[in-house]
Amino acid sequence: MTPAPAAPMTFGATLRGIAKQAWPVLISQWAGISFGVLDTAMTGHSSPDDLAAMALSASIYITVFVGLMGVVHALIPILAQQFGAGNNREVGRSWGQGVWLALGLSVVGAALMLFPDLWLSMSGEVAPGVRDRIATYLQALVLALPAALVFRTIYALGTAVSRPKLVMAINLSIIGFKALFNWLFIYGKLGLPAMGAAGAGLATAVVSWMSLGLGLWVITHDRYYRRFQLRVGRPDWKALKELLRLGLPMGGSYLVEVSAFTFMALLVAREGTFVTGGHQIMSNLAALCYMMPMALGVATAALTAQAIGAGNLAHAHRTGMAGLVLGLMGALLTSAVLLAGRPLILAAYTDDAAVAAVATTLLAVLPLFHLFDSMQCINSYLLRAYKVAVVPLILQTVALAGVGLVGGWWFGFGPGRGGLDGLRNLLVPGSPEGAGSMWLMAMFGLALSAALLHLWYRRIVRTLGR
């Protein structure tokens with residue numbers, strides 16, 4: 001067995017170690033989220049109906065994909081702890097079982113995406129043209145799902161063994177192809193039919209399979225990965241149960257986080273096409289900003305899990321605190337950029353004055369929203385490094401689904417409608433009543449989630465330190 005490299009022991013060196021691993025993850029995540037940015041911007045310049053269809057169908061796809069991705073990401077702490085302990089053969093075996101898990105989950109995901117009317121039942125009256133576009137968009141993304149989930153096993157492997165540049169390089173190399181296929185399929189170039197929002201989905205399917213092919217080629221030809229003897233083999237039900245025992249609550253946490261955005265989009269659709277478009281721009285920006293704390297969370301969790309596997313609990317805690325410090329600094333920097341660049345950001349997303357007007361009002365709350373989002377994100381990843389997933393799921397469900405989503409519905413569309421008008425007019429003046437109330441309650445839910453998760457993390461550290 002080849003042990004993992006010795007971990008830096010000072011706080012400053014730990015900060016640098018996290019940053020060294022986080023920046024490729026961040027660029028990789030930005031490259032990945034650029035697909036959504038391209039889809040939003042290019043369909044926004046196609047028509048308001050295409051933008052609305054893309055907003056609703058992308059919310060459905062992201063809900064399904066992120067929930068299933070969270071289950072697959074159980075590989076990260078498992079592989080990282082095995083790597084930290086020097087169990088390289090176990091790393092290769094566990095990765096193969098992760099591939100089987102991803103393939104099985106893709107069947108579940110496809111079944112959920114082929115019935116969009118079930119999702120749209122809470123959106124009120126959706127224009128027939130928008131509804132038809134949603135169905136064809138999701139059908140195209142069913143083709144993308146298996147490739148995207150199996151690629152996540154490669155992502156998990158690279159992250160767990162401190163080789164995040166692999167996925168970064170692949171994602172960067174694919175952006176140009178995504179833009180090209182979007183141009184061809186959305187607008188109907190080079191003799192192809194103009195497909196609008198559905199064309200964006202088809203482009204995603206094509207590049208997802210391209211990414212998977214590149215990833216498999218690299219890990220089977222790169223000498224670094226030979227030490228793990230990567231193999232798929234037969235399904236091992238014991239190994240799969242271990243993955244599911246950790247992965248299901250992890251996937252549940254991912255699902256709770258993303259479902260808040262999905263159901264927000266479905267509810268906000270009641271306020272019309274322009275509000276839906278403005279909400280989509282806000283959601284897309286929030287997701288883009290989220291990539292920074294997510295990258296830091298992934299890097300921090302991987303290095304923390306490696307330290308746990310090596311039996312160095314003191315360094316594991318030091319790594320966790322360093323990740324939180326970096327997350328706070330990054331959130332403040334991101335918020336400053338959002339405040340300074342608001343006009344340019346909106347111009348890049350849409351030409352429609354009505355959509356831009358709605359987005360302008362909602363963006364007022366994004367800096368504070370992002371700060372709380374960053375803290376709850378990194379704390380959740382820290383707990384996963386310790387293979388603690390059930391309690392975080394409960395805490396996030398209460399805070400994000402209960403306070404954030406249900407509270408947003410209550411004040412924005414339910415019996416308490418108008419109850420937040422004073423605060424809404426103060427923090428997001430001029431915003432639509434429903435959308436503005438939902439974003440405010442989502443922010444409060446994130447703040448509560450961050451506090452509860454950090455308290456539980458401190459409890460875990462104290463318990464293990466006894």
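Mentor: I will start with the ground rules, then take the pairs, then the helices and the sites around them.

This is a predicted model, where local features need pLDDT of at least 70, side-chain atom pairs count only at pLDDT 80 or more, and totals for chains, interfaces and linings use all residues. Residues are numbered from 1 along each chain as its sequence is written, and side-chain values use heavy atoms, with hydrogens and water left out.

The structure contains 6 salt bridges. A salt bridge here is a side-chain nitrogen of Lys or Arg within 4 Å of a carboxyl oxygen of Asp or Glu.

Take Glu90 and Arg93. Their side chains form a salt bridge at 2.8 Å, N to O. Both sit in helix H4 (residues 88-113), 3 residues apart, so about one helical turn separates them. Helices (H or I, at least four residues) are DSSP runs, as are strands (E, at least two), numbered from the N terminus. An α-helix has 3.6 residues a turn, so residues three or four places apart point the same way. How much of each partner is accessible? Glu90 is partly exposed, at 32% relative accessible area. Arg93 is partly exposed too, at 24%. The cut-offs are these: buried is under 20% relative accessible area, exposed is over 50%, and partly exposed lies in between (1.4 Å probe, protein chains only).

Now Asp421 and Arg424. Their salt bridge spans 3.0 Å, N to O. The two residues are 3 apart in helix H16, so they too are separated by about one helical turn. Asp421 counts as partly exposed at 22% relative accessibility, while Arg424 counts as buried at 7%.

Arg417 lies in the loop between helix H15 (390-412) and helix H16 (421-427), and Glu433 lies in helix H17, so the pair ties together parts that are 16 residues apart in sequence. Arg417 is partly exposed, with 46% relative accessibility. Glu433 is partly exposed as well, at 21%.

Stay with Glu433 for a moment. How far from it is Tyr386? Tyr386 sits in the loop between H14 and H15. Tyr386 is buried, at 12% relative accessibility.

The helix that carries Glu433 also packs with a partner. The axes of H17 (residues 433-464) and H14 (residues 366-385) come within 8 Å and cross at roughly 30 degrees. H14 is therefore roughly parallel to H17. Axes are lines fitted to C-alpha atoms, for helices over the stretch in contact, and angles run from 0 to 180 degrees between N-to-C directions. Under 35 degrees counts as roughly parallel, over 145 as roughly antiparallel, 65 to 115 as roughly perpendicular, and the rest as oblique. The H14 and H17 crossing is left-handed. Left-handed means the near helix is turned anticlockwise from the far one by less than a right angle; clockwise gives right-handed.

H10 (residues 273-309) and H13 (residues 353-362) have axes that come within 8 Å and cross at roughly 50 degrees. That makes H10 and H13 oblique to each other. Their crossing is right-handed.

One more distance links separate stretches of sequence. Pro249 and Arg384 are 135 residues apart in sequence but 10.0 Å apart in space, C-alpha to C-alpha. Pro249 belongs to helix H9 (residues 237-268). At 10% relative accessibility, Pro249 is buried.

Finally, look at helix H3 (residues 75-84). Its residues are buried, 10 of the 10, so the helix is largely enclosed by the rest of the structure. Among them are Leu75, Gln81, Gln82 and Phe83. Just after H3, Gly86 takes a positive phi of about 85 degrees.
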